[in-house]
Amino acid sequence: MSDKRQDYISWDEYFMGVAKLAALRSKDPNSQVGSCIVSQDNKILSIGYNGFPRGCSDDDFPWQRVGEPLDTKYIYVTHSELNAILNYRGGSLEGSKLYVSLFPCNECAKAIIQSGIREIIYDNDKYAGEASVIASKRMLDSAGVHYRRYLPTGRELTITV
């Protein structure tokens with residue numbers, strides 16, 4: 001008979017926690033998004049957050065949300081999902097899961113589908129009514145990529161660094 005600890009966190013809590021921790025690396029003043037790609041046997045394969053591509057200074061490119069396209073962040077920022085996919089240095093991502101703090105847009109959905117990720121666990125779907133997310137869900141459904149909302153437990157985790 002075991003007297004093991006009973007209050008350990010679940011796999012979903014663990015990996016969503018890693019995704020949310022990764023989001024804290026983002027310098028975006030409005031939206032901090034993090035992703036964690038996990039193998040079928042619950043090993044972390046890659047992590048990403050939203051930010052500018054390598055070599056593009058966070059001080060030289062705009063963080064604004066409104067204005068002329070070249071004066072806003074949208075055409076420069078790499079989303080967390082794509083960063084996690086591009087950061088992966090192993091073989092194939094076929095059959096893996098993606099934990100992400102915000103539901104993926106249509107561009108990230110394309111990369112998710114092409115990379116072989118088979119399941120998405122997301123925390124927030126605040127842009128559900130936007131064309132980019134509607135298109136994303138349409139493509140994910142067509143490609144057979146399962147997605148589900150993360151069910152928060154309400155457990156508060158404190159980390160001192």
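Author: A residue is called buried when its relative accessible area is under 20%, exposed when that area is over 50%, and partly exposed in between (1.4 Å probe, protein chains only). The model is predicted, so that local features need pLDDT of at least 70 and side-chain atom pairs count only at pLDDT 80 or more, while totals for chains, interfaces and linings use all residues. Residues are numbered from 1 along each chain as its sequence is written, and side-chain values use heavy atoms, with hydrogens and water left out.

With a relative accessible area of 16%, Ser 115 is buried. Ser 115 belongs to helix α3, which spans residues 106–115; helices (H or I, at least four residues) and strands (E, at least two) are DSSP runs numbered from the N terminus. The side chain of Ser 115 reaches the backbone oxygen of Ile 112 at 3.0 Å. If neighbours within four places in sequence are set aside, Ser 115 is in contact (heavy atoms within 4.5 Å) with Ile 85, Leu 93 and Glu 94.

As to the cysteines, a disulfide is a pair of cysteine sulfur atoms within 2.5 Å, and a search of the whole structure finds 0 of them. Cys 56 is in no disulfide, the nearest cysteine sulfur being that of Cys 108, 17 Å away. Cys 108 is likewise in no disulfide; the nearest cysteine sulfur to it, that of Cys 105, lies 3.9 Å away. Cys 108 is buried at a relative accessible area of 4%, whereas Cys 56, at 26%, counts as partly exposed.

Notes
Polar contact = N/O pair within 3.5 Å; in protein donor to acceptor, adjacent residues only side chain to side chain.
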